[in-house]
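Hi,

Here is the structure I promised to pass on. Have a look at it first, and then read my notes below.

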Amino acid sequence: MPITVLLGVQWGDEGKGRITDALAAEADLVARYNGGDNAGHSITIGRAVVRLHLVPSGIFHERCLNVIGNGTVVNPLNLRKEIEEIRAAGIEVSPRRLRISRAAHVILPGHLALDAAREAQGGIGTTQRGIGPAYSDKAARLGVRAGVMEDPKAFADAVRAHTERVNRLLVHEFNRPPLDVEASASAYAEAATHLRAYLDDTTQVLREALRAGKHVLAEGAQAALLDIDHGTYPFVTASNPTIGGVMIGLGVPPQAITRVIGVAKAFTTRVGSGPFVTEVHGDLALRLRGTGANPWDEYGATTGRPRRVGWLDAVALRYAVWINGVTELALTKLDVLSGLSTVNVCVAYRYRGRTLEDFPQDTSILNACEPIYETMPGWDEDIRGVRAWEALPANARAFVQRVAQLAGVPVRLLSTGPERAQLLQLDGVQS
Ligand code: IMP
């Protein structure tokens, strides 16, 4: 009963979408286990570009069943819109192909308003999708689970109660206008009438699939360093993108997981605030980020914000490999480094005169760390047309080999461009 897990090992936007898209072609079931519509990636289908935020990537593969697990948070209005957009691209979206866990929590209007109000007071640079407040209510036992959408009237009552409660906070704590209780209740109840057919006990769905020997792909959103427990707290998301999130967010046993693919970019990016030891500025930053003219340039898929950029951080990578039990790496965007005369990889940190080999859990220590780089020769060739490992420039191969060595796991997938054909399957580049 094999589960392959695909998760980000940096701060998100590693290019998980295109790797999931490739792996989903061989999966029977693709399941999202954490986060909400704060995630985002684009898939090109013929002429149409479809943006996925919450629906798993298996939706583009006819034989896949797709599950939005109990560990996620669901915005009913946005999910309905996303479903319509996928349908507009000619893809079937029906309960035959998509199930929503009854135990997933619902992002309600007050969560969006609170996220915005807190950010306005100087937050951490969230995507303002209501993620943090929705998970807060879940932990506070105040949340509304997706199963309530079964009965739109009961759901409308729950939205009313939620909105009235949040209005008190908005008015008295944040000095903001209250939300319209009735408008919120009716908009959400209306969305529920479209979504209720998708509700299911997805833990059972997964159990049956695994018992029948089906191949499940667990698709992580965000990434290890944004994990609320293991990331750079408080500059993190509110869920667990790391491996534990798979068991919690889907209700599957650990023994079922046979493969954990960590997706890493050949450099590093992050959106929002927080420590970033290998961050670069100036011309090099512009060079790594791109202008925004290409869909693959480093601008947020959900928010459009320019991403912060820097060199690959092998200290953080080793940490993410360890806590997730990563068995192999998918290294993306190697082509972006083409044309640089030298390429840096951070191999350790300098902290108050000491050398740290291990990623510190304490964000205040991380803030005071400086990168210790190993500098490698770059390559000039455009590698986007390369389809075989041997055909890559020797310096590009040496870079990938060094990353594998520093991470301690093989690189099995390598992307050299945004298209499906620009993904090389390797035997396992180790050293
Ligand atoms: P939230 O998840 O919207 O609460 O945002 C918390 C932090 O996670 C912020 O720094 C966001 O920029 C970051 N974040 C959330 N989702 C993503 C993502 O899909 N890619 C990259 N960063 C993300």
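Helices here are DSSP runs of H or I with at least four residues, strands are runs of E with at least two, and both are numbered from the N terminus. Bear in mind that this is a predicted model, in which local features need pLDDT of at least 70 and side-chain atom pairs count only at pLDDT 80 or more, while totals for chains, interfaces and linings use all residues. Residues are numbered from 1 along each chain as its sequence is written, and side-chain values use heavy atoms, with hydrogens and water left out.

Let me start with the loop between α3 (109-120) and α4 (131-139), which holds glutamine 128. Glutamine 128 isn't a glycine, yet its phi is positive, at about 60°. Most residues other than glycine have a negative phi, and most peptide bonds are trans. Proline 234 sits in the loop between β10 (216-223) and α8 (244-250).

Back to the helices. The axes of α3 and α4 cross at roughly 120° and come within 7 Å (axes are lines fitted to C-alpha atoms, for helices over the stretch in contact, and angles run from 0 to 180 degrees between N-to-C directions). The pair is therefore oblique; under 35 degrees would count as roughly parallel, over 145 as roughly antiparallel, and 65 to 115 as roughly perpendicular, with the rest oblique. Helix α2 (residues 76-88) packs against helix α6 (residues 181-195) at about 45°, with the axes 9 Å apart. That angle is why α2 counts as oblique to α6.

Now the ligand. It has 16 residues around it, and Asp13, Asn38, Thr127, Thr237 and Arg305 come nearest (near means a heavy atom within 4 Å). The shell splits into seven nonpolar, seven polar and two charged residues, where Ala, Val, Leu, Ile, Met, Phe, Trp, Tyr, Cys and Pro are nonpolar, Asp, Glu, Lys and Arg are charged, and the others, Gly among them, are polar. The side chain of arginine 305 has an N or O atom 3.0 Å from a ligand oxygen, and a backbone N or O atom of valine 271 is 3.1 Å from an oxygen of the ligand. On the nitrogen side, an N or O atom in the side chain of glutamine 222 is 3.2 Å from a ligand nitrogen. Polar contacts are pairs of N or O atoms within 3.5 Å; within protein, one must be able to donate a hydrogen and the other to accept it, and residues adjacent in sequence count only if both atoms are side-chain atoms.

Best wishes
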